[in-house]
Amino acid sequence: MEIIDLRSDTLTQPDEGMRQAMAAAEVGDDVFGEDPTVNLLQKKIAELTGKDAALFVCSGTMANQISINAHTQPGDEVICEERAHIFNYEAGAPAMLSGVQVRPLPGKYGVLDVTETEEAIRPSNHHFPQTRLIALENTHNRWGGTIYPLDEIKKMRKLAKKNDLKMHLDGARLWNASVATGISLKEFAKHFDSVSLCFSKGLGAPIGSVVAGDEEFIDRAHYYRKAYGGGMRQAGILAAAALYAIENNFERMAEDHRRARVLAEAINEMPGFVVNLLTVQTNIVIIDTSLTGHPAPEIADKLLELGVRVLAFAQTRIRMVTHLHITDKDIDRTIEAFKKTSHSIN
Ligand code: TLP
């Protein structure tokens with residue numbers, strides 16, 4: 001039985017065209033700044049985000065952590081939403097690598113309240129850490145792929161400017177936000193001092209992320225990339241996959257969003273499973289399983305027996321992410337598997 005793997009959009013395999021682009025890539029030593037394909041990718045990202053420059057890095061985590069390091073001093077405080085990836089899934093790296101403290105604030109659908117954020121900014125006083133950075137996430141993973149609305153970003157930017165704070169965007173899935181809203185990457189990125197983007201999620205490249213910002217920021221980011229051991233040599237092989245992914249797999253994400261919606265609506269109709277359809281804005285579906293009375297990992301095991309692999313995100317939550325390899329037929333099969341599971345446990 002073929003397994004439909006919906007655990008993450010990081011699971012995609014490079015297709016034949018991507019592999020050919022990788023094999024044909026012109027390469028050089030990127031630590032010397034001499035890899036033409038990496039340089040081309042960085043130039044392309046700088047253009048797409050409207051920033052001075054960009055830097056290719058190993059992962060989304062590295063992109064975020066380098067950015068935090070480049071914007072802060074040890075002892076500073078970074079504000080983010082409490083379900084943010086940088087706070088929950090990056091191994092405590094802000095404390096470990098930058099020596100900063102994260103101040104998580106409750107948000108709604110991943111969006112911070114501007115007044116509450118303002119209240120959280122520390123006054124200048126020797127007792128307090130110095131608030132230095134606001135980090136937002138778009139789309140917001142743990143909230144189910146929700147989009148941070150442009151108007152809210154603009155309000156936050158105004159607040160940041162007023163208080164002399166930097167803004168970083170974890171844009172691992174900004175591609176999805178852009179396709180879903182029709183708002184360009186550049187329009188979103190304009191309001192941030194730094195933006196990270198991933199090639200290895202919905203875009204389907206095997207490895208790689210990027211940070212973009214002004215010359216001075218990228219210069220510092222470059223220093224930290226080296227310090228983190230992220231200087232890669234003939235990395236053009238990977239950059240070629242990223243360029244191919246932007247060219248071929250960006251616009252098609254609308255398909256993933258449509259499929260996530262179909263899945264969410266069908267599962268939400270089934271006894272025991274609840275999906276907040278308001279959160280289903282891109283390619284992520286989060287199912288609340290608490291009404292079933294069965295732990296999410298047990299439900300995930302039952303689904304796997306039926307050929308559908310999902311992620312038990314918590315004891316009462318299952319996450320599914322649509323991507324490049326998920327077809328309409330897979331969506332039908334997944335819905336059937338959920339129906340059977342719902343019958344067997346209710
Ligand atoms: N997210 C992964 C897991 O870590 C949860 C996933 O499967 O979704 N920012 C955001 C918003 C992310 O979702 C992720 C990866 C990252 C950063 C980190 O990217 P990588 O895995 O390349 O370090």
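Two strands count as paired if DSSP finds at least two bridges between them. Helices (H or I, at least four residues) and strands (E, at least two) are DSSP runs, numbered from the N terminus. This is a predicted model, in which local features need pLDDT of at least 70 and side-chain atom pairs count only at pLDDT 80 or more, while totals for chains, interfaces and linings use all residues. Residues are numbered from 1 along each chain as its sequence is written, and side-chain values use heavy atoms, with hydrogens and water left out.

**The sheet and its helix**

- Strand β13 is joined by three bridges to β14 (residues 317–321), and the two run antiparallel.
- Within this pair, Leu 311 has Arg 319 of β14 as its bridge partner.
- The open sheet has three strands in the order β11-β14-β13, with antiparallel pairing.
- Its edge strands, β11 (284–288) and β13 (311–314), each pair on one side only.
- From one strand to the next, the twist averages 35°.
- Helix α12 (residues 253–268) packs on this sheet and touches β11 and β14 (contact means heavy atoms within 4.5 Å); the direction of α12 makes about 15° with that of β11.
- Angles run from 0 to 180 degrees between N-to-C directions, and axes are lines fitted to C-alpha atoms, for helices over the stretch in contact.

- Arg 259 lies in helix α12.
- Arg 259 counts as buried because its relative accessibility is 11% (buried means under 20% relative accessible area, exposed over 50%, partly exposed in between, with a 1.4 Å probe and protein chains only).
- Leaving aside residues up to four places away in sequence, Arg 259 touches Arg 252, Thr 322, Ile 326, Thr 327, Asp 328 and Ile 331.

**Two helices side by side**

- Helix α2 (residues 36–49) packs against helix α11 (residues 236–249) at an angle of about 35°, with axes 8 Å apart.
- Residues of α2 in this contact include Leu 41 and Ile 45, and those of α11 include Leu 243 and Ile 246.

**The nonpolar cores**

- A nonpolar core is a set of buried Ala, Val, Leu, Ile, Met, Phe, Trp, Tyr and Cys residues joined through side-chain atoms within 4.5 Å.
- In the largest core, of 51 residues, those touching the most other members include Leu 41, Ile 45 and Trp 175.
- Helix α11 gives this core its largest share, seven residues.
- A second, separate core has 26 residues, among them Ile 4 and Met 320.
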